Amino acid sequence: MAATAAKAANNLFLESPPLQKPYPLLKTPSQLPSSLFFKTLPKPLSSPTHKTLITASSKNPVSHLFSSRKANPDAKYTSNFNDEDKPHEECGVVGIYGDPEASRLCYLALHALQHRGQEGAGIVSVHNNVLQTVTGVGLVSEVFNQSKLDKLRGELAIGHVRYSTEGSSMLKNVQPFVAGYRFGSVGVAHNGNLVNYQTLRAMLEDNGSIFNTTSDTEVVLHLIAISKARPFVMRIVEACEQLKGAYSMVFLTEDKLVAVRDPSGFRPLVMGRRSNGAVVFASETCALDLIEATYEREVYPGEVLVVDKDGVSSQCLMPNPKFKASCVFEPIYFSNPTSLVFGRSVYKSRYAFGEILATVAPVECDMVISVPDSGNIAAYGYAAKAGVPYHQGLTRRSGSGRTFIEPSQKIRDFGVKLKHAAARDLLKDQRVVVVDDSIVRGTTALKIVRLIKEAGAKEVHMRIASPPIIASCYYGVDTPNREELISNRMNDEELREFIGCDSLAFLPLESLMKYFGSDSPNYCYACFSGNYPVDPSGELGDFSDDGLNGSVE
């Protein structure tokens, strides 16, 4: 039975053909055959028209595909530092080879990626052929200090930041993970979500594997450990060929750094180089900018890049994948505005989304404001296109901290008021357009509208710089179950009444796709359409309680 399961796992990638021969050794930016993924190679970073691809991950159960559990309309929502009514990216990764300050550069890069994960961080470095690890719960600045970084010596390191909410076994699930196998040790940092995690774990446990965590990433280490492929990189290739879902990963051994991206390209992963020749991989280009590494290109979907003393070489997991499915929420919300993601400027994309909204959903108004900070750039675009002034009508209160004590006497909308302040003198008697990036449960939007009206606004018009979210993500984005997504339960007019605004409009999906032009088929729109590029419904029990998100219930 185990042999049958293993055979089935090997065929998960659309019956992918056997691994091709390695691409030639690459001492300069990789020059893969143009037939691999693109008709032409990407243009350099300096080109404003540079195009590329995309990715994602999640911890949502697939039970909603088979049941009709009702959302509780009386459920109480609590506020915290993270926007509780937003989707959450699960994590960010970084890897550095060939720099004597590798761990410190990882530390800085993780700061740049902190928006991708604020509840756990870790770094693994290699010194004298020994993998050294520091991981902890909290922000990067809380996990690391001078003495801990002093222990992480060496020219090779990987790092990880992750998002979570709560849970009883947090620390053991904080990455990077390190494991020993018969030929040495390997560390891994993973951004994504494996939808066949439970199937693979059951197969491994049937064969005697013992798991220390509840994270899907540990499955990858077990698959590497049981592989008999040689050399080591072929163990990674063999393991990844059995994975289904989203993964952008960096691996480290005693003498190698390996970067892998799934064939669909759900999650971003880029490659850069410092002036001293050190090679850097990171989830976003903003991390490269901070550590003064020059962006070279993306890791292509389905590519395995190996960095060692001989330079950079490339392998291909799956030539000519049948589809690509980069996560559309990266440019909409997750990524840093200063980043290039999938070859496009995040700032320019969000600005364009605001311009499109002003074109397709105009309204008579006196000013445009935004829900800070994620709605700011789209609001600039809306205001410019509409010819209406942009004002900072809402501000984030400084010093609110990551946790707070609620007053014993109930204060309406306490969480929103703690984080946001409305400029009463500015908003009084004004017709206001307020721009945000998305609406998930609708609870925060309701409170924001009420806050603006209490400040004296005459009219409040909501404009959302993304289409309605109607389906959960299974590729690395922590979104609520389908029943909790308010746009899945209400049409736009019902939602407008619930929120209490005078008008409501979303960015049309057709307009979003038109904006991406010829790249549009390379994006995953599952959260807006319910059409999943990698079907999760065949994998019952795919939810993995990673010890950070609490129980399934």
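**Helix packing**

Guide: In this predicted model, helix H10 (residues 346-360) packs against helix H11 (residues 376-386) at an angle of about 45°, and their axes lie 6 Å apart. Angles from 65 to 115 degrees would count as roughly perpendicular and those under 35 degrees as roughly parallel; H10 and H11 are therefore oblique to each other. The crossing in which H10 passes H11 is right-handed.

On the H10 side, the residues in contact are Tyr347, Arg350, Tyr351, Gly354, Glu355, Leu357, Ala358 and Thr359. They meet Ile377, Ala378, Tyr380, Gly381, Tyr382, Ala384, Lys385 and Ala386 in H11. Sorted by class, this contact of H10 with H11 has 10 nonpolar, three polar and three charged residues.

A second pair can be described in the same terms. Helix H6 (residues 217-226) and helix H7 (residues 232-240) have axes that come within 8 Å and cross at roughly 125°. Because angles count as roughly antiparallel over 145 degrees and as roughly perpendicular from 65 to 115, H6 and H7 are oblique to each other. Their crossing is right-handed.

From H6, Val220, Leu223, Ile224 and Ala225 take part in the contact, and they meet Phe232, Arg235, Ile236 and Ala239 in H7. The residues of this contact of H6 with H7 divide into seven nonpolar, no polar and one charged. Arg counts as charged, and Arg235 in H7 is among the residues that meet H6.

Notes. Residues numbered from 1 in each chain as written. Predicted model: local features only at pLDDT ≥ 70, side-chain atom pairs only at ≥ 80, totals over all residues. Heavy atoms only, no water. Axes fitted to C-alpha atoms, helices over the stretch in contact; angles between N-to-C directions. Helix = DSSP H or I, 4+ residues; strand = E, 2+ residues; numbered from the N terminus. Left-handed = near helix turned anticlockwise from the far one by under 90°. Contact = heavy atoms within 4.5 Å.
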